[in-house]
Amino acid sequence: QVQLVESGGGLVQAGGSLRLACAASGRTFSNYVMAWFRQAPGKEREFVVSISRNAAGTSYVDSVKGRFTISRDNARNLVYLQMNSLKPEDTAVYYCAAKRPLSTSGYEYWGQGTQVTVSS
């Protein structure tokens, strides 16, 4: 089992920045691909960004490219999401997720989410 706890959400004006953090505990953190998803009110949960086990590879949804940056600290079992130039459409609950690299069932572990609200 992997336990994930997000933090860092809040209310920010458009154009502002926030940094989310996800603390992992349980199994060896460096064994897992990590990702951030988000779910806006009335919408389905969507993939935002992922990072490989050794941080060599990342993948971003087009809508956040150039504005969001994912990183991880395997020594501290943390993954971060730096969000710059925030827009009202970034408003959502943001979830941290983990999966084994060869998993065929998608992301296996999820945090409880942290609310990000961007005002116009």
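Strand β9 and strand β11 (residues 114–119) run antiparallel and are joined by three bridges; two strands are said to pair if DSSP finds at least two bridges between them. Within this pairing, Val93 stands opposite Gln115 in β11.

Before I continue, a word on the basis. This is a predicted model, in which local features need pLDDT of at least 70 and side-chain atom pairs count only at pLDDT 80 or more, while totals for chains, interfaces and linings use all residues. Residues are numbered from 1 along each chain as its sequence is written, and side-chain values use heavy atoms, with hydrogens and water left out. Strands (E, at least two residues) are DSSP runs, numbered from the N terminus.

Let me turn to the other partners of β9. Strand β4 (residues 33–39) is joined to β9 by seven bridges, again in the antiparallel sense, and here Arg38 stands opposite Tyr94. Strand β10 (residues 109–110) also pairs antiparallel with β9, over two bridges, with Ala97 opposite Trp110.

How many of the eight residues of β9 are buried? Seven are, and the strand, which spans residues 92–99, is thus mostly covered. Buried here means under 20% relative accessible area, with a 1.4 Å probe and protein chains only.

Finally, the disulfide, defined as a pair of cysteine sulfur atoms within 2.5 Å. The count comes to one: Cys22 is joined to Cys96, with an S to S distance of 2.1 Å. Because Cys22 lies in strand β3 (residues 18–26) and Cys96 in β9, the pair ties together parts that are 74 residues apart in sequence. The torsion about the S-S bond is about -80 degrees, so the disulfide is left-handed. Both Cys22 and Cys96 are buried.

Terms used. Buried < 20%, exposed > 50% of the residue type's maximum accessible area, 1.4 Å probe, protein only. Helix = DSSP H or I, 4+ residues; strand = E, 2+ residues; numbered from the N terminus.
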